[in-house]
Amino acid sequence: MSGDSSDHAPTGANLTRGATTGTEPAVDAPEGGKDGDPPARCPYCGRPFRRVRYERLHRGRAHPARLSDRERAALERARRAESKTMRRVRLYAVGAVVVIYFGLLIVAAFVV
């Protein structure tokens, strides 16, 4: 961050960099293209995204009635990829909890 306080209303310069008003969270999208555009931007609301996959997921959630058949197919591919990623994260988390549990159990057995 550039040291800006996030508790004030976004100005015009901040709005173009990804800060939004309302309930939408601010997105700090990297400067991507040669014009300084982020890698992906929603065609309906103009919100910037770090990855095209994130933009597709956003369109499916925020603008479902406006999607064409091609956009719906891209959304389903992005959802499948996201579910695979989330499954892997959950498995790693369960594995870490199991390792920590048994590690603490072994340590407690030697201490007591």
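The model is predicted: local features need pLDDT of at least 70, side-chain atom pairs count only at pLDDT 80 or more, and totals for chains, interfaces and linings use all residues. Residues are numbered from 1 along each chain as its sequence is written, and side-chain values use heavy atoms, leaving out hydrogens and water.

The protein chain contains three helices and two strands. Their order along the sequence is α-β-β-α-α. Helices (H or I, at least four residues) and strands (E, at least two) are DSSP runs, numbered from the N terminus. The chain has 112 residues, of which 17% are buried (under 20% relative accessible area; exposed is over 50%, partly exposed in between; 1.4 Å probe, protein chains only). Its accessible surface is about 8,800 Å² (Shrake-Rupley method, 1.4 Å probe), and carbon and sulfur atoms contribute 58% of that surface. Among contacts (heavy atoms within 4.5 Å) with a separation of 6 or more, 10% link residues 24 or more positions apart.

UniProt, in an unreviewed entry, lists residues 42-63 as "domain: C2H2-type". Such annotations may be inferred rather than shown by experiment; positions follow the numbering used here, and feature names are shortened. Residues 42-63 are 50% helix and 9% strand. The end C-alpha atoms of this stretch lie 10 Å apart.

H63 sits in the loop between α2 (52-62) and α3 (69-111). H63 counts as buried because its relative accessibility is 13%. Leaving aside residues up to four places away in sequence, H63 touches C42, Y44, C45 and H58.
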